[in-house]
Amino acid sequence: MKISNRLKIISVSAGIVLAVTAVLSFTTKVVDNLPVTGDLEAPAAVKEIFVRACYPCHSNTANLKWFDKLPGVASMVRSDILTARKHLNFSEWDKLAPAAREAALWEAYNMINSGTMPLPSYAAVHSAAAVSAAELTTLRNYLLTKRKTVTAVKQDTVQQAATTLPNPLPTSLTGIQFMPEFRQWEVMSTTSRFDNTTMRVMYANPIAMKAIREKQIKPWPDGAVIAKVVWDKERDKDGYIHPGQFQNVQFMVRDAERYKSTDGWGYAKFETKALKPTTTLLVAQSCASCHKAAAKTGGIFDLSTLN
Amino acid sequence: MRFINVFTVAVLAFMIASCMDKKEAPAIRPFAFNDSGMRVITTVINEKDNEVAMLYGNKAAFDNRSQPEALFKLVTYREQDNKFWFGSYINGELLRVETVNMQPTASGQAPAYSVDVYNQPAFRPADAAARTNFIQTLDRAWYPCDPY
């Protein structure tokens, strides 16, 4: 066979592959666009950012590029969209309670700010998806209008009734039993939230504390446990803010193998004074998704940094 | 050509993303207060001064606040933005540790009050009796389990 003939065959077959690929790309339906039951409501400048950067995955109005429909790529895009919609869907905003909507927006901001969202693999090939520094400022300023102030009033003197732990100790569906011994652990940090009205104290067990001191938190060692106690804030007559109504205790338990599907952390939350274990496997997935925004510190948000 | 470009970019992006992930953890603030086995009684936020304080007590302090064996430490930090969560403040620099020791009450004297000041050169101590009273009367936060 002459070289030119071989070239011809190669280029013709390449042409066919290209043509088929192109046709597939234009005709492939990656996902069904479901009805919009209630779209996100936000000022135009804010909404515009979400529509451009997030709606391709987190809405029922995916508007895909031709290369998203390429064979091989389409299935990845499809799976991303279906997962993304399950976690957060701006087209079904009406299905969230008002407090949950606000929480979702604060979370969205923190996901963008940490470079977690839009998915980096997606942002790399869709340059239009990137959220600029100016847009982050727009989002921040909008969120600050939603900032919460504490109105609950603290009574003068509160006598706490003696506590009795449930027996047996409650265990969450993620296999984590309530650990009363967290009270003997060292305090890792304390936070005051203004995206809601809670205040928290975080405790680290000895393994976790050692890891922090030795800067070995990427990844955290197996056996590390972080406990978080959450109260609603109350303000006294002098303006000081105190822990009021107890909300819950949360645990994050490190076991890279056992909790592989949630990035190596097991999650559990024990709510109200009855310590009701409320963490299902599905909830734990959401915990893990959001904690991706703390990837720089191995999944733990509440570490104080040197500024 | 376009086809190849898309994939090259995707592969590059993936490589960059995985490199970024291995980046060093940010500078974590060292723990400046050693609790010496004391446990948290409660936490107080002072929004006006951008401070948050944790009240620690020894076992005697949990059992009965006014017995001579009781020891309290109120540890005050500056509040700073939580770098990983916009919507949250976190305890930052240690500012002072105030200690109330009930021992002198055994011989009918007033509790001993002292304050160690850090990172806050302009700090002027307040009246010892007033601070002792503030610390002693802070209500205990509700926890589901006892600390000792």
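Against which elements of chain A do the buried residues of H9(A) pack?

**Figure 1. Packing of helix H9 in chain A of the predicted model.** The buried residues of H9(A) pack against helix H4 (73-87), H5, E4 and strand E5 (265-271) of chain A. Helix H9 spans residues 281-291, and its buried residues are Ala284(A), Ala288(A), Ser289(A), Cys290(A) and His291(A). Buried denotes under 20% relative accessible area, exposed over 50%, and partly exposed in between (1.4 Å probe, protein chains only). Helices (H or I, at least four residues) and strands (E, at least two) are DSSP runs, numbered from the N terminus. Residues are numbered from 1 along each chain as its sequence is written, and chains are lettered from A and ligands numbered from 1 in the order in which they are written. In this predicted model, local features need pLDDT of at least 70, side-chain atom pairs count only at pLDDT 80 or more, and totals for chains, interfaces and linings use all residues, while side-chain values use heavy atoms, with hydrogens and water left out.

**Figure 2. Leu7(A) in helix H1 of chain A.** Leu7(A) lies in helix H1, which covers residues 3-27. Leu7(A) counts as exposed because its relative accessibility is 54%. Between Leu7(A) and Leu144(A) there are 137 residues of sequence separation and a C-alpha to C-alpha distance of 64 Å.

**Figure 3. The fold of chain B.** Three helices and five strands form the secondary structure of chain B, in the order α-β-β-α-β-β-β-α from the N terminus. Of the 148 residues in chain B, 47% are buried.

**Figure 4. The interface of chain A and chain B.** In contact here (heavy atoms within 4.5 Å) are 72 residues of chain A and 56 residues of chain B. The buried area, defined as the accessible area (1.4 Å probe) that two parts lose on being put together, summed over both, is about 5,900 Å², and carbon and sulfur atoms give 63% of it.

**Figure 5. Salt bridge between Arg235(A) and Glu47(B).** The closest N and O atoms of Arg235(A) and Glu47(B) are 3.1 Å apart. A salt bridge requires a side-chain nitrogen of Lys or Arg within 4 Å of a carboxyl oxygen of Asp or Glu; two are counted between chain A and chain B. Elements that each supply at least two residues of the side of chain A that touches chain B include strand E3 (225-235) and strand E4 (241-254). The largest share of that side, eight residues, comes from E1(A).
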